[in-house]
Amino acid sequence: MRTLTKLSKAPGAAPAQAPGAAPAREPDTATDLSADAARARQAQHDRIKGDGPLAREIAQAASHGHAGSARAHESAVKHVTGRAAYIDDLKAPADCLHLALALSPVAHGRLTRLDLDRVRALPGVVDAVGFDDVPGHTDIGPVFPGDPIFVEDEISYAGQVLFAVAAESHAAARDAVKAAMEAGVVEIDEQPASLDPVAAADRGEFVRPTHIQQGGDWEATLAGASRVVEGEQFVGGQEHFYLEGQACLVTPTEDEGVVVHTSNQHPSETQKLVAEVLGIPFHAVTVEVRRMGGGFGGKETQASPWACIAALVARRTGRAARLRLPRAEDMRVTGKRHPFHNRYRLAVDEHGVIQGGEITVIGDCGYSPDLSDAIVDRAMFHADNAYSLGAARVTGHRARTHTASNTAFRGFGGPQGMMVIEAAMDDIARRVGEDPLTVRKRNLYRQGRDVTHYGQTVEQLGLLHELVERLEASSDYWARREAITAFNARSPVIKRGLALTPVKFGISFTAKHLNQAGALLHVYTDGSVQINHGGTEMGQGLHTKICQVVARELSLDMEAVRITATRTDKVPNTSPTAASSGADLNGMAARDACLTLKARLFDFAAEHFYQGHALDREGMRLEDGHLVAGEGESERRIPWGELVQAAYLGRVSLSEKGFYATPLIHYDRGSGQGRPFYYYAFGAAVAEVSVDTLSGEYQVDRVDILHDVGDSLNPAIDIGQVEGGFIQGMGWLTSEELKWNEAGRLISDGPATYKIPTYGDLPPVFNVELMEGHPNSMASIYRSKAVGEPPFMLGISVWSALRDALASLADYREAPRLDTPATPERVLLAAEALRSRHSDWPPAFEEPLP
């Protein structure tokens, strides 16, 4: 008989309440929850799955690296030493084929001729595949049809895939594509391209129907208004610019199957699409994702086409196939953040408080639906940001253009929607002669004005107001405002600006069925633990947080818990890692598995460790790597390893699956009303800038951020997410400009022409703090809040500060229109426009210039 190793000392954690034991004590509202949060919880009492998470000692949790402590990323050492394996680091079989893509050089036209036999005859080419070589589905649209794997007839954007070449080396495949295109194997009838989304909307060219959300009589409110403020803006798109480009490695398996290694945020969707393209059952496709070198939404739907193409070649040839996109091709063939054209007309009173009005957003969706329906919906949901719109109508159009199909990007349309109301706040402030912060605070959601235009009640209002007021005080906003105003009065060229902007971001997938997650937990006979879940790791620390949850629930040190690659054959039918929901969903699923397993172990222990009397099942708990039963002199402590080994010998299962589905959420698309979000995350940022109004160049001098994450699962990771999200949002609004030529070809297709923020763009003073003392009022994992997307919108403060600096040229009587990205060119044009209307130039200097 084989001897099983016992653990003499197992890592521990804080006490945990077992399922079936006495109900956990509700947190004391005076110390654990704000009054608003307590009221919100009471209103949902007994209706929230998982209500009343167990109390934990934070100090003890921190000592073991449990959820709630600042624990290093689980792959941190691998990242900095270069040992973290990405797709191009994976060893492939010696006979692996390498793929290259032939892309359309025109934005719109018809493919009239394609001779793949000539391509297959080129030196080094093993195979070439196009539309007619697909055995199964040829449309790989993720939600709605419209995304052909290869061009069949109509060409819809410059960069669309015409065919793929498989060769013995990557260089040979690329050379073959170049030779084939130069040899004329492709003939195209080029046609005029539609590149203007506003004109497309006027013509009724949409990828999905227009949607409207409406609350109250907005028309009567506008008609009776004493003041109407209106404006429009263009909000530019954004390239994901992940460090690891689109890449996959596919190997054929026995029978008709494939194993797909991919840099991918949605393995289950890729499994489905690969199976449909090959015409095989889903179970024949296994998709594995250990980590990504960045995603940001760009690998939610748009990582699947490359896996489908590589899988097609692998099955045709019986050889492994590797496909990776060079940066320029990656940028040309994949979609971006949606550019938006926004318009607003708002009725305001003499104090600048919005009474109602209408907002229209037009999303440039590219050539196909992709995720645009939900993205434009979220822009509509967030057109209010943190402010009550009163009686309002919000209309969202989904325009079709001949560009790559735009897709998910951190914030998923929410940032573009928030931009319209933040522009309005600045404009209203100039109209009524008040500081923009004063007007923003007057318009914040509050009691009596706490229902959104889509019918959801905003909870934790006290938190929203306290957060803004605390940041206002800690950043010395008013003292700095006075100093900046005085500086601008005596400085004719350099102008400084200051802005505080809040964020209210809804957390949940707006597609209800995606709000679910699964997990698979294994405990081995040496006491070590393995956890697998449906979320994917793209550097955001999700795997770290899940390990912390498991360690906390099982009272083990983090070193005893290991996480494995996300695989569709372990946890099936998973949702994408998106919508800031990774930790919320998968953390609860992992916790569910732990709770079920603990209950089974406790039931076993109550009988197995009988010594004259049964153990106290009701008071049983895990603590510091031990099963603890009883109190005082009657207390029994059984080491975790001994418990696990005894359970194995007693034929008790040491494996468990977990599942979680977000409760309460619903949305009626017909009426445009509902509760699409489980809760809101809040935040605020103060940005200060200096602008050279003769060149348009500027710098960000200081940033102060206070952000709400509830009870943080990992403060170190969460602060990193806030910092990174802010910088990425700042880049979107300032330097990251996408440019297409008149023929519809992307010309900003690399780091030489597309400018993401660099180290030199960091503000010299950058203060970031997490809001403490306000646990989530809803029953999220340990009362934490999502942190992936909400900080991105804090970058709006920089754009608003630029407008503030420019407004000084008009003695703060007008906020200039400043489309984004607010490049120095755009800033200069805005400054010149203001000067032409409001000032004499050049200025009269008191002393002669040298």
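These questions and answers concern a predicted model.

Reader: Are helix 19 and helix 20 parallel, perpendicular or oblique to each other, and what is the angle?
Author: Two packed helices are described by the angle between their axes and the distance between the axes. Here, helix 19 (residues 715-734) and helix 20 (residues 796-807) have axes 7 Å apart. Angles under 35 degrees count as roughly parallel, and 65 to 115 as roughly perpendicular. Helix 19 and helix 20 are therefore oblique, at an angle of about 45°.

Reader: How many nonpolar residues does the contact of helix 19 with helix 20 have?
Author: From helix 19, the residues that meet helix 20 are Phe726, Met730, Leu733 and Thr734. Helix 20 brings Ile796, Ser797, Val798, Trp799 and Leu802. By class, the contact has no charged residues and 2 polar ones, and the number of nonpolar residues is 7.

Reader: Is the ring pair of Phe381 and Tyr454 stacked, tilted or edge-to-face?
Author: The ring centres of Phe381 and Tyr454 lie 4.8 Å apart. Planes over 60 degrees apart count as edge-to-face. The planes of Phe381 and Tyr454 are at 75°, so the pair is edge-to-face.

Reader: How many residues apart in sequence are Phe381 and Phe677?
Author: The rings of Phe381 and Phe677 also form a pair, with centres 5.4 Å apart and planes at 80°. Phe381 lies in helix 11, while Phe677 is in the loop between strand 26 (673-675) and strand 27 (679-692). The pair therefore ties together parts whose separation in sequence is 296 residues.

Reader: Is Phe677 buried or exposed?
Author: Buried means under 20% relative accessible area. Phe677 has 0% relative accessibility, so Phe677 counts as buried.

Methods
Residues numbered from 1 in each chain as written. Predicted model: local features only at pLDDT ≥ 70, side-chain atom pairs only at ≥ 80, totals over all residues. Heavy atoms only, no water. Axes fitted to C-alpha atoms, helices over the stretch in contact; angles between N-to-C directions. Helix = DSSP H or I, 4+ residues; strand = E, 2+ residues; numbered from the N terminus. Parallel < 35°, antiparallel > 145°, perpendicular 65-115°, else oblique. Contact = heavy atoms within 4.5 Å. Nonpolar A, V, L, I, M, F, W, Y, C, P; charged D, E, K, R; others polar. Phe/Tyr/Trp six-rings, centres within 6.5 Å; stacked < 30°, edge-to-face > 60°. Buried < 20%, exposed > 50% of the residue type's maximum accessible area, 1.4 Å probe, protein only.
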